[in-house]
Amino acid sequence: MAGPDTIEFNAESFDELIGSSDKPVLVDFWAPWCAPCRVVGPVVDEIATELVGEAIVGKVNVDDVPQIAARFGISSIPTLIVFRGGEPAEVLVGLRPKDAIVDAIRGATV
């Protein structure tokens, strides 16, 4: 489940949105049964609202679209990937503080 400023990616929208964005794209790979995912999910939604216009923020439910998770070798969730120019630029596995996620989006070293 996504907040009002968070995109819920599906197999059709993922490549189009990631590849066409001139802004960084944060993707949260998650599942509803994952307790740590339920902790980081609201943080990702907050970031989406705070960074409107600066970044695109979305989620991929690995149960619903496992082909996307497999493509990026997601073996642990939550995994957050920041894409720049359609390519993965930063990968954050597990729970991370909000400021570390924002720093990754903005291009700071994590």
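**Strands, helices and a hairpin**

Colleague: In the hairpin of β4 and β5, which residue takes a positive phi?

Modeller: This is a predicted model, in which local features need pLDDT of at least 70 and side-chain atom pairs count only at pLDDT 80 or more, while totals for chains, interfaces and linings use all residues. Residues are numbered from 1 along each chain as its sequence is written, and side-chain values use heavy atoms, with hydrogens and water left out. Helices (H or I, at least four residues) and strands (E, at least two) are DSSP runs numbered from the N terminus. The hairpin has two residues between its strands, and the residue with a positive phi near 60 degrees is G85.

Colleague: In which sense do β4 and β5 pair?

Modeller: Two strands pair if DSSP finds at least two bridges between them. Over six bridges, β4 and β5 (residues 87-93) pair in a sense that is antiparallel.

Colleague: Where does P78 lie, the residue whose peptide bond from I77 is cis?

Modeller: The bond from I77 to P78 has omega near 0 degrees. P78 itself lies in the loop between α3 (66-71) and β4 (79-84).

Colleague: Why is β2 described as largely enclosed by the rest of the structure?

Modeller: Buried means under 20% relative accessible area, with over 50% called exposed and values in between partly exposed (1.4 Å probe, protein chains only). V25, V27 and F29 point one way from β2, L26, D28 and W30 point the other way, and all are buried. β2 (residues 25-30) is therefore largely enclosed, its count of buried residues being six of the six.

Colleague: What is the handedness of the crossover from β2 to β3?

Modeller: β2 and β3 (residues 56-61) pair in the parallel sense over six bridges, and W30 stands opposite N61. The chain crosses from β2 through α2 (residues 35-50) to β3. With the strands pointing away from the viewer, a path from the first strand over the helix to the second that runs clockwise counts as right-handed. This β-α-β crossover is right-handed.

Colleague: At what angle do the axes of α2 and α4 cross?

Modeller: Axes are lines fitted to C-alpha atoms, for helices over the stretch in contact, and angles run from 0 to 180 degrees between N-to-C directions. Contact means heavy atoms within 4.5 Å, and V40, V43, E46, I47 and E50 in α2 meet K98, I101, V102 and I105 in α4. The axes of α2 and α4 (residues 98-106) come within 10 Å and cross at roughly 45 degrees.
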